[in-house]
Amino acid sequence: MPDATVVAITVDPYRRGTELYGWAESVAVAERYVDAVLGQVLVGGTFERRGPLDWLWRSGAAGPSDVHAFDLSLLDVSGVRVADPYVPARFVDVRVGIAHRSVVQESPWGDDDLAHVADTTLREAIEFGAPVVIARPGMLAVARRRAGIGSDLAAASSDSWEPVYQPIVKLGAGEVTTAGYESLLRWRRDGALVGPDVFLAGLEATELIVPVGRVAIARSVEALAGPVTELLGPDAFMSVNLSAGQLRDRWLGDYVGWLLGEHGLDPARLWFEISENAVVTQGSVADRTIWTLHGLGCGICVDDLGAGFAALGYLRNLPIDVLKVDRALVSRMPSERMDRAVVRAICDLASAAGALTVAEGVETPEVLAAVKELGCDMAQGYLFGRPASLA
């Protein structure tokens, strides 16, 4: 009979225990946790060990009589200290994904679908830092869709990745003029172009982001050397987004330097955008990648400024040339005094740091007038053009 409940468990998902105690001791602590704590909560079913720090628990056909109480009992033990007569107590960091067949309510079920759902919820727990995530109705469809996307990504050819380009305009006293473009990656899947909301998480999870990201950069550099220069002249620039996974590519700087040399381009014409919410710590591979790109002469941009809280640290620790103001702030400027004040502060901050400002999400003449009044250097949005091919 199929399982009524499946629980996916990972201990020390962020390797904090490994850092503190070493690998062997961290694994031993995980084993003691599963035996001494989870073994007392997850009763009547079977444990399957899937790795040194990973387990799956299956309830069998009966399952818990009270799923709410069951969920709370797991939440209570998601972070505990395990006592042992031979070693000091150790803190255990645990993430749990719970899938109840009665809650998910999907059909038809394959033999291992509930385990697949439990793994999907465990991934959310790890991604969002939640001790426990419980599968919701519709999660089986989510799990199947992610699995399908992952398979399609692995099989995708380089020709299926197609950048589109959105104008970035220069603001001044007179008419606005197009100064460059932002390159935005799209994936041709089943005949239709889809955006990063469909594929980015899958690329990051499988490390395909590095080769695919290089394809995107190469296509963008080719476009800059060809049609962009023909359209706008030799001073036009191209801005390319870098995800967290791409920033961990130790050889990205070498690759970009080679591309620029192959096309005979001034590095200052190539900008790289990092999200304000990306985690870039001093001394990390991401930090070194940014400094390497800056050393080549490329522009470094902070994207979506105002959506998070990292900007001050970035300006202090990284070589930032451009601040792109989040579209949510920009679009509300004509009606919201607080958003206007925040954008004004960002413009002042950029001026003090010697950086340019780009207002994103400019879609109406009223918003354009507001960003001009505040002194933004450039703007981007549907008012000037939607992302499209340069052909």
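Is Glu 360 buried or exposed? Glu 360 is buried, at 2% relative accessible area; buried means under 20%, exposed over 50% and partly exposed in between, with a 1.4 Å probe and protein chains only.

Before I go on, this is a predicted model, where local features need pLDDT of at least 70, side-chain atom pairs count only at pLDDT 80 or more, and totals for chains, interfaces and linings use all residues. Residues are numbered from 1 along each chain as its sequence is written, and side-chain values use heavy atoms, with hydrogens and water left out.

Back to Glu 360, whose side chain meets that of Lys 324 in a salt bridge, 3.7 Å from N to O. A salt bridge here is a side-chain nitrogen of Lys or Arg within 4 Å of a carboxyl oxygen of Asp or Glu. Lys 324 is in strand β13 (residues 322–325) and Glu 360 is in the loop between β14 (356–359) and α15 (365–374), so the bridge ties together parts 36 residues apart in sequence. Helices (H or I, at least four residues) and strands (E, at least two) are DSSP runs, numbered from the N terminus. Lys 324 is buried too, with 1% relative accessibility.

The structure has 18 salt bridges. Another one joins Asp 93 to Arg 16, with the closest N and O atoms 2.5 Å apart. Asp 93 sits in strand β5 (residues 90–100) and Arg 16 in helix α1 (residues 16–21), 77 residues apart. Asp 93 is buried at 9%, whereas Arg 16 is partly exposed at 46%.

Last, a network of salt bridges links Asp 3, Glu 48, Arg 58 and Asp 112.
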